[in-house]
Amino acid sequence: MAKKNQHRKKKNNPNAQQLTPIKYLMEKAAGLPCETWYINEDWQTSGLAVIYGTRIMPSGNLICANYLVDIFCLGVKDTAWYFNISPSSYKESVRENYDGAGLKDIEINPNLAQNIIYGAVEYAESLGFSPHKDFNITEYLLSPADEIPFIEIPFGQNGQPLYISGPFDNVRLILKKLEKAVGKGNFKFILNTGLNEYGFDDWLSDDDEEDDDEDYDDDEEEYTDYEEVDSPDK
């Protein structure tokens with residue numbers, strides 16, 4: 001009886017070290033079994049992969065992360081994670097998010113999904129682009145890269161980077177980085193409707209404007225040397 005009481009005291013010891021959700025994710029998640037992973041059906045043609053990955057906790061609840069992955073150019077543009085959610089809540093959230101974005105979700109093998117994420121990050125870094133800052137956390141949901149069977153995936157489009165602008169992108173800075181990485185004429189870009197009416201300068205921070213003044217003449221037309229192409233869906 002004394003041993004049982006002593007054991008109970010140890011178990012409920014308020015000084016015992018417990019992992020916070022973020023530490024649990026970073027230290028344990030990759031070793032947990034995978035649940036169902038999802039991706040949008042058109043990821044290869046659109047160049048934008050919306051991936052939901054998840055691991056099963058011993059309780060049966062899930063640790064999840066989503067990744068917005070530009071496979072044509074920028075790599076992981078956004079990512080977030082969720083802790084200790086029920087399987088039913090996870091599936092409901094996934095369906096709502098894909099439906100809200102007008103995308104059709106399909107199941108994907110976790111190894112393929114992780115190859116897409118890691119490969120896109122590596123490709124983007126070769127062009128000078130870092131993944132979203134929260135990838136420093138959500139990458140721990142993924143298995144270590146050297147433990148995943150390699151699957152060859154083409155990045156870019158037809159052997160070149162293809163930049164498709166988003167609503168919050170610093171367009172001018174991105175194009176400058178592409179020119180520096182691969183040179184004029186060696187990449188393509190698509191400006192989404194609505195960006196041109198504001199002009200590139202409206203997307204620059206003060207620091208970016210100072211840097212640009214050293215390299216560009218304000219009287220010159222901007223980026224006329226680059227090839228603008230139709231959307232890959234056309």
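Good morning, colleagues. Please keep in mind throughout that the structure is a predicted model.

I begin with the overall composition. The protein contains eight helices and eight strands. Of its 234 residues, 38% count as buried. As for the contact pattern, take the contacts between residues at least 6 apart in sequence: 70% of them join residues at least 24 apart.

Which residues have the most contacts inside the largest nonpolar core? They are I51, Y67, V69, I116, Y163 and L178, in a core of 45 residues. Helix 5, residues 110-126, gives this core its largest share, namely seven residues. There is also a second, separate core, which has nine residues, among them Y52, Y90, V94 and Y98.

Let me take Y163 as an example from the largest core. Its neighbours within four places in sequence are left aside here. Y163 is then in contact with C73, L74, D169, V171, I174, L175, L178, K188, F189 and I190. One of these partners, L178, is itself listed with Y163 among the residues with the most contacts inside the core.

Strand 2, residues 48-56, and strand 3 run antiparallel and are joined by nine bridges. Within this pairing, G53 stands opposite A65 in strand 3. The hairpin of strand 2 and strand 3 has five residues between the strands, and in this hairpin G60 takes a positive phi near 100 degrees.

On to the following pair: strand 3, residues 62-70, and strand 4, residues 75-85, are also antiparallel, with eight bridges between them. The hairpin from strand 3 to strand 4 passes through four residues. Here C64 stands opposite Y82, and L62 stands opposite I85. How many residues of strand 3 are buried? The number is eight of its nine, and the strand is mostly covered.

Some backbone angles deserve a remark. N84, which lies in strand 4, has a positive phi of about 60 degrees although it is not a glycine. N84 is partly exposed, its relative accessible area being 38%. A second residue other than glycine with a positive phi is N158, where the value is near 55 degrees. N158 belongs to the loop between helix 6 (135-138) and strand 6 (162-164). Is N158 buried or exposed? N158 counts as exposed because its relative accessibility is 71%, and the cut-off for that class is over 50%.

I come now to the charged contacts. Side chains of opposite charge can pair when their charged atoms come close. A search of the whole structure finds four salt bridges, and I shall discuss some of them.

The pair E41 and K104 forms a salt bridge in which the closest N and O atoms are 3.9 Å apart. Why does this pair tie together parts that are 63 residues apart in sequence? The reason is that E41 lies in the loop between strand 1 (37-40) and helix 3 (43-46), whereas K104 lies in the loop between helix 4 (87-100) and strand 5 (105-108). E41 is partly exposed at 46% relative accessible area, and K104 is exposed at 54%.

R95 forms a salt bridge with D105, with the closest N and O atoms 3.2 Å apart. This pair links distant parts of the chain, since R95 is in helix 4 and D105 in strand 5, ten residues apart. The accessibility of the two partners is as follows: R95 is partly exposed, at 45%, and D105 is buried, at 13%.

D134 and K133 form a salt bridge as well, and here the closest N and O atoms are 3.4 Å apart. D134 is partly exposed, with a relative accessible area of 25%, while K133 is exposed, with 62%.

Finally, I consider the surface. I22, M26 and Y140 form a nonpolar patch there, and together they have about 220 Å² of accessible area. I22 is located in helix 2, residues 21-28. With a relative accessibility of 32%, I22 counts as partly exposed.

Thank you for your attention.

Note on methods: Residues are numbered from 1 along each chain as its sequence is written. This is a predicted model: local features need pLDDT of at least 70, side-chain atom pairs count only at pLDDT 80 or more; totals for chains, interfaces and linings use all residues. Side-chain values use heavy atoms; hydrogens and water are left out. A nonpolar core is a set of buried Ala, Val, Leu, Ile, Met, Phe, Trp, Tyr and Cys residues joined through side-chain atoms within 4.5 Å. Buried means under 20% relative accessible area, exposed over 50%, partly exposed in between (1.4 Å probe, protein chains only). Helices (H or I, at least four residues) and strands (E, at least two) are DSSP runs, numbered from the N terminus. Contact means heavy atoms within 4.5 Å. Patches are made of residues with over 30% relative accessible area and no salt bridge: like charges are joined within 9 Å, nonpolar side chains (Val, Leu, Ile, Met, Phe, Trp, Tyr) within 5 Å. Accessible areas come from the Shrake-Rupley method with a 1.4 Å probe; for residues, only the protein chains shown count as cover. A salt bridge is a side-chain nitrogen of Lys or Arg within 4 Å of a carboxyl oxygen of Asp or Glu. Two strands pair if DSSP finds at least two bridges between them.
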